[in-house]
Amino acid sequence: MLTFVALFLASTLTTAPASAQLVGVCYGMQGNNLPEPSAVVSLYRSHNIGRMRLYGPDQAALRALRNSGIQLIMDMPRTERETILFRVD
């Protein structure tokens with residue numbers, strides 16, 4: 001049974017589409033002596049990290065991500081989501 005599971009996992013990993021193999025990393029911003037957002041984006045790119053998660057809208061990070069090719073997932077506080085969802089321009 002263990003051999004079957006190992007073979008199944010090996011075949012699944014080798015036949016997974018390339019897009020499923022992209023790596024994403026959460027960008028934590030709470031701490032001391034953190035690098036500048038542009039340095040973080042450079043680090044992501046140098047390690048072929050193609051996806052980033054932010055836990056809130058940070059203008060410096062968003063500027064650093066512009067034209068970087070890194071995909072972004074961004075969380076927002078509920079109060080801000082409601083403001084954006086019901087905004088009429």
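1. Which residues does Ala61 touch, not counting residues up to four places away in sequence? In this predicted model, the residues that Ala61 touches under that condition are Tyr27, Met29, Pro37 and Leu54.

2. Ala61 also belongs to the largest nonpolar core, which consists of 10 residues, the others being Tyr27, Val40, Val41, Tyr44, Ile49, Met52, Leu54, Leu65 and Ile70. At least two residues of this core come from each of α2, β2 and α3, and the most come from α2, which gives 3 residues. In soluble globular proteins, nonpolar side chains tend to be buried together.

3. Helix α2 spans residues 37-46, and its buried residues are Pro37, Val40, Val41 and Tyr44. These four lie on the same side of α2, because the arc that they cover around the axis is only 100 degrees. The partners against which the buried residues of α2 pack are β1 (24-26), β2 (51-54) and α3 (59-65). After α2 comes Asn48, which has a positive phi, near 55 degrees.

4. The count of salt bridges comes to 1, and the side chains that meet in it are those of Arg53 and Asp75, at 3.0 Å from N to O. Since Arg53 lies in strand β2 and Asp75 in the loop between β3 (71-74) and α4 (78-85), the pair ties together parts that are 22 residues apart in sequence. As for accessibility, Asp75 is partly exposed, with a relative accessible area of 24%, and Arg53 is likewise partly exposed, with a value of 31%.

How values were computed. Residues are numbered from 1 along each chain as its sequence is written. This is a predicted model: local features need pLDDT of at least 70, side-chain atom pairs count only at pLDDT 80 or more; totals for chains, interfaces and linings use all residues. Side-chain values use heavy atoms; hydrogens and water are left out. Buried means under 20% relative accessible area, exposed over 50%, partly exposed in between (1.4 Å probe, protein chains only). The arc is that of the directions from the helix axis to the C-beta atoms. Contact means heavy atoms within 4.5 Å. A salt bridge is a side-chain nitrogen of Lys or Arg within 4 Å of a carboxyl oxygen of Asp or Glu. A nonpolar core is a set of buried Ala, Val, Leu, Ile, Met, Phe, Trp, Tyr and Cys residues joined through side-chain atoms within 4.5 Å.
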